[in-house]
Amino acid sequence: MPSILDNSVELRHLRYFVAVANAGGFTRAAAIIGLKQPTLSHQIRQLEQTIGTPLFHRARRLCRLTAAGELLLPYARRIISDMEDARRSLNDLSGLRRGTLHLAALPVAAHYVLPETLARFRAEHPGIRVRALELSVDDMERALVRGEVELGIGFVPPSETSLQAQALYREELVAVVAPDDPLAQKKTITVGELATRPLVVPPAGFGTRILILSAFAKARATPMIALELSSLDALLSIVARGGGTGVLPESALWGRQAGETVAVRIQRPTPHRQMGLLHVRGVHLSPAAEAFTAVLADVVQAASAVQVAG
């Protein structure tokens, strides 16, 4: 005997079955759901053949459930209800009315790009719950590969070959000094000249620190590091008070009040890097991630334009 466990029961058959059970007859059910009565009867017979047993007692003026029909009815209603819940949830997800987005960013991006992006994203999509982490380069790429986060804001190209990147912005490292520092009157400074000044820089392990050391190595110079700070806000605050010359990416100055510090371009060589949005290659982004990507691109474009104008 055929079994429901061995055959594929289509959802439409269950919908028709429930409609007949609710209406108490084929003619009334057909009128409610907009089918011709012979078509509905044929669909129910297909379901009965699949299951292997009659579901209704049929008579001229009588249509009632068999024992098998009574047994199947609550399961059919539950399946239809669950599918409706799933449909609504998927519609909410694609419409960005609900969902979760996990992402990570390098410290400089987390401090100066992420806040504005998250504020705009939350304003536009309040139903999306966001979990944002500030991670080092290696930790962020590992989190992406393991699926712990969906998006990352980091260096391009990534070291992990399983990741792909969408370029966001290219930025240079700049020398940052207090407004009353003599260097503030110059437009550029060479790495060799920078070697004569006490520097305030991020500690070892930061991507900025790696770029600084690489630039000094190319210039065959040795940096005079006077102070190391992991907090970019604290670093800039000390520089503004004349505590040394900071070496930071341009984006560290985005959104800061004009006049607190002065940025001077570094030359021979000019340390620079490309920042981008990272995700696992070949994995389709969720609607929330795609929406976040669009907001991030707008924020970066606006911030870059303001910086250039300034």
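Reader: Which residue of E10 is the bridge partner of Val 174?

Author: In this predicted model, Val 174 has Leu 248 as its bridge partner in E10.

Reader: What makes E6 and strand E10 a pair?

Author: Strands E6 and E10 (residues 245-249) share 4 bridges and run antiparallel. Pairing requires at least two bridges, so E6 and E10 pair.

Reader: How do you know that E6 is joined to E11, and which residue of E11 is the bridge partner of Val 174?

Author: E6 and E11 (residues 262-267) have 4 bridges between them, again in the antiparallel sense. With at least two needed, E6 and E11 therefore count as paired. Arg 265 is the bridge partner of Val 174 in E11.

Reader: What makes E6 and E12 a pair, and what stands opposite Ala 167?

Author: Strand E6 (residues 163-177) and strand E12 (residues 272-280) are antiparallel and have 9 bridges. The cut-off is at least two, so E6 and E12 pair. Gly 276 of E12 stands opposite Ala 167.

Reader: Why is Arg 268 called exposed, and where does Arg 268 lie?

Author: Arg 268 has a relative accessible area of 65%, and exposed means over 50%, so Arg 268 is exposed. Arg 268 lies in the loop between E11 and E12. Its phi is near 50°, a positive value in a residue other than glycine. A cis peptide bond, with omega of about -10°, joins Arg 268 to Pro 269.

Reader: Why is Arg 220 called exposed?

Author: The relative accessible area of Arg 220 is 82%; the cut-off is over 50%, so Arg 220 is exposed. Arg 220 is in the loop between helix H9 (207-218) and strand E9 (224-228).

Methods
Residues are numbered from 1 along each chain as its sequence is written. This is a predicted model: local features need pLDDT of at least 70, side-chain atom pairs count only at pLDDT 80 or more; totals for chains, interfaces and linings use all residues. Side-chain values use heavy atoms; hydrogens and water are left out. Buried means under 20% relative accessible area, exposed over 50%, partly exposed in between (1.4 Å probe, protein chains only).
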